[in-house]
Amino acid sequence: MTGNNGAIDVLIAEDNDVNQMVFSFIMEELGLTFEIAANGQEAVAKYQQFQPPLIVMDVSMPVMNGLEATQKIRELEASSGSKVAIIAATAHALKGDSERCLEAGMDDYIAKPISPDKLKEKLDHWRNLAPPAVING
Amino acid sequence: MNSSVEDTNGSANPAELAMTDSLTGLGNRARFYDKMERLIAERAEDPAPFAIGIIDLDGFKPINDLFGRSAGDDILLQVSMRLRSAMDEQSIMTRVGGDEFAFLYPMTFREEAIKDQAKMLIEVLSAPYDVGERTARLSASVGCALYYFNDETPQQLVSRAETALYHAKRSGRGRVVVYSQEMEEAAKRVARIEQALRRAVSAGEVEPHFQPIVDLKTRQTIGFECLARWTDRDLGFVSPAVFIPIAEERGIVGPMSQLLLRKATEAAREWPEHLFLSFNLSPSQLVDQNTGLHILSILEKTGFDPKRLEIEITETGVMSDPASAEKIVEDLRRVGIRVSLDDFGTGQSSLGRLRDFHFDKLKIDRAFVSSILEDRPSEHIIRAILAMCEGLGMDVVAEGIEDEKQADKLVQFGCQGGQGFFFGKPVDANATMGYLRDAYRGALHAKAI
């Protein structure tokens with residue numbers, strides 16, 4: 001593991017160009033540092049690289065989807081003992097997607113299209129709950 | 001993504017034509033909805049926000065009336081060209097009504113961003129327009145809404161933008177308002193009041209209250225102004241400052257006014273015969289040529305002498321359609337109803353209007369009366385108004401008199417009539433009868449001594 005602990009506030013996993021822009025605009029407006037991963041595999045890699053306290057994860061992404069990426073991250077956590085909050089971003093929150101997200105080990109979900117207010121609310125909530133960085137050896 | 005500039009000359013595709021505005025070549029309402037639906041469908045798998053807005057030209061109708069229809073069309077063309085060139089490749093501009101345009105920005109995600117973009121459009125539209133040898137100016141109001149909810153339909157989105165537009169127009173010209181949840185709440189509140197008011201009007205539950213108007217010198221009551229009061233069974237007391245504008249906007253003011261006039265004249269019939277009843281007409285009633293007929297038929301039914309009735313109108317009321325207002329005023333005066341100009345001195349007071357219209361009376365706005373003791377300008381203005389009224393043969397009533405000193409000062413300047421809390425607050429018909437009985441007894445008592 002790299003020692004980049006706390007280098008960014010949020011990791012965004014999102015494959016869609018338009019929504020990458022949406023997230024970027026909102027993050028900049030909120031004054032948060034962030035990285036964008038374009039698929040699940042990249043998300044896992046950037047999680048390991050940046051050790052963010054919070055991840056916003058799109059559910060449907062190419063290569064590796066958000067559910068798989070979450071499971072992978074949770075496995076990695078089992079050996080490290082840390083815990084990152086993962087918010088699912090889903091287009092189908094009403095159609096049972098939210099349950100699948102929680103089952104896959106995600107902590108919360110937010111419906112798309114993403115509005116700045118909704119996202120800010122979720123980020124505030126989870127950033128306040130985020131445990132202090134775990135010092136591991 | 002399609003560009004905002006639609007090719008209307010080349011391929012005369014019927015489907016394409018059906019979505020094109022023939023005057024401006026912009027897309028029409030159908031195109032606007034089509035674009036929204038497409039964008040939502042395109043992004044169905046991964047929904048992202050986008051922004052729409054409706055532009056309404058302020059003051060286009062008067063320009064159309066003044067310069068003529070073809071000049072109006074010409075201005076609409078100029079407006080379209082300006083709007084079109086202000087759009088980027090992804091966004092679209094459509095004409096959705098006579099002087100209404102709607103736009104869609106697929107890549108605008110935040111409230112602040114759409115506000116800035118809409119402000120830019122307003123600025124583009126505010127530059128002068130050429131109309132033959134002359135120039136005209138227009139301003140515009142914009143209501144915007146952002147697509148944030150997955151299950152939202154284009155219709156819902158448009159209705160949100162319309163709600164925002166309504167707020168923009170209400171707050172003045174040249175404003176941008178972005179829809180918010182609070183507006184929904186406010187709109188619901190207005191809808192609740194509207195519904196309750198409709199019921200109350202048909203059940204005859206809006207009541208006339210009466211405020212005395214006195215002869216300032218003798219302090220004797222010479223008449224009463226009728227004011228609408230409403231206590232709803234569910235909502236409780238609703239301020240006239242709240243329900244009258246709603247009645248005006250939602251077309252309830254006509255029936256409400258008829259109810260009030262009927263009740264007021266029934267009450268006033270019982271008053272001593274030398275007392276007049278003063279009754280307010282709203283701006284929308286002054287553009288309705290049936291207003292005069294309604295008034296006369298009510299007077300006939302209740303048997304109230306038209307010569308004892310005074311109609312109060314405001315300058316704002318006259319302004320929206322002076323010709324129509326003038327005709328109504330003439331009709332009323334022909335049967336002996338007196339007409340007074342209310343709230344004089346604060347609106348767009350035009351002396352020309354005093355020449356064109358024949359007012360029997362003028363009511364000086366409370367703003368001057370309340371500062372008559374403190375500042376010289378108010379004093380001079382009141383004296384000038386009084387001199388003018390004397391010259392034109394109009395009676396005068398000063399509104400909003402709150403204490404004896406103000407009343408004395410007005411007498412000193414030669415003002416005949418007065419009204420205000422100092423002489424009496426508006427009270428209902430029964431209390432008004434009580435007031436008159438006391439005044440009558442007082443007068444008898446005074447004689448006996």
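Two residues are taken to be in contact if their C-beta atoms, placed from the backbone, lie within 7 Å. By that criterion, in this predicted model, 15 residues of chain A are in contact with 11 residues of chain B. Helix H1 (residues 17-30) of chain A supplies the largest share of the side of chain A that touches chain B, namely 6 residues. Sorted by class, that side of chain A is made up of 9 nonpolar, 4 polar and 2 charged residues.

Among contacts in chain B with a separation of 6 or more, 66% join residues 24 or more positions apart.

One part of chain B is an open sheet of 5 strands, in the order E2-E3-E1-E6-E7 and with mixed pairing. Its edge strands are E2 (92-97) and E7 (176-178) of chain B, each of which pairs on one side only. From one strand to the next, the twist averages 20 degrees. Within this sheet, strand E1 (residues 51-58) and strand E3 (residues 100-105) of chain B are antiparallel and share 6 bridges; here B:Asp56 sits opposite B:Glu100 of E3(B). Two helices lie across these strands. Helix H5 (residues 111-126) of chain B lies across E1, E3, E6 (139-146) and E7 of chain B, at about 160 degrees to E6(B). Helix H6 (residues 154-170) of chain B lies across E1, E6 and E7 of chain B, and its angle to E6(B) is about 140 degrees.

As 5 of its 5 residues are buried, E11(B) is largely enclosed by the rest of the structure. B:Phe276, B:Ser278 and B:Asn280 point one way from the strand, while B:Leu277 and B:Phe279 point the other way. E11(B) runs parallel to strand E9 (residues 221-232) of chain B, to which 3 bridges join it, and B:Ser278 is the bridge partner of B:Glu225. E11(B) also pairs in the parallel sense with strand E12 (residues 309-314) of chain B, over 4 bridges, with B:Phe279 opposite B:Ile311 of E12(B). Between E11(B) and E12(B) the chain passes through helix H10 (residues 291-302) of chain B, in a β-α-β crossover that is right-handed.

Helix H8 (residues 240-249) of chain B shows how burial can be arranged around a helix. Its buried residues are B:Phe243, B:Ile244 and B:Ala247. Viewed down the axis of H8(B), these buried residues fall within an arc of 100 degrees, so they line one face of the helix. In an α-helix there are 3.6 residues a turn, so residues three or four places apart point the same way. The buried residues of H8(B) pack against helix H7 (181-202), E9, strand E10 (236-238) and helix H9 (253-268) of chain B. Just after H8(B), B:Gly251 adopts a positive phi of about 70 degrees.

A distance of 8.7 Å separates the C-alpha atoms of B:Leu392 and B:Arg355, two residues that are 37 residues apart along the chain.

Methods. Residues numbered from 1 in each chain as written. Chains lettered and ligands numbered in written order. Predicted model: local features only at pLDDT ≥ 70, side-chain atom pairs only at ≥ 80, totals over all residues. Buried ≥ 20, exposed ≤ 12 C-beta atoms within 10 Å, placed from the backbone. Pairing = 2+ DSSP bridges. Right-handed = clockwise from strand over helix to strand, strands pointing away. Nonpolar A, V, L, I, M, F, W, Y, C, P; charged D, E, K, R; others polar. Axes fitted to C-alpha atoms, helices over the stretch in contact; angles between N-to-C directions. Arc of directions from axis to C-beta.
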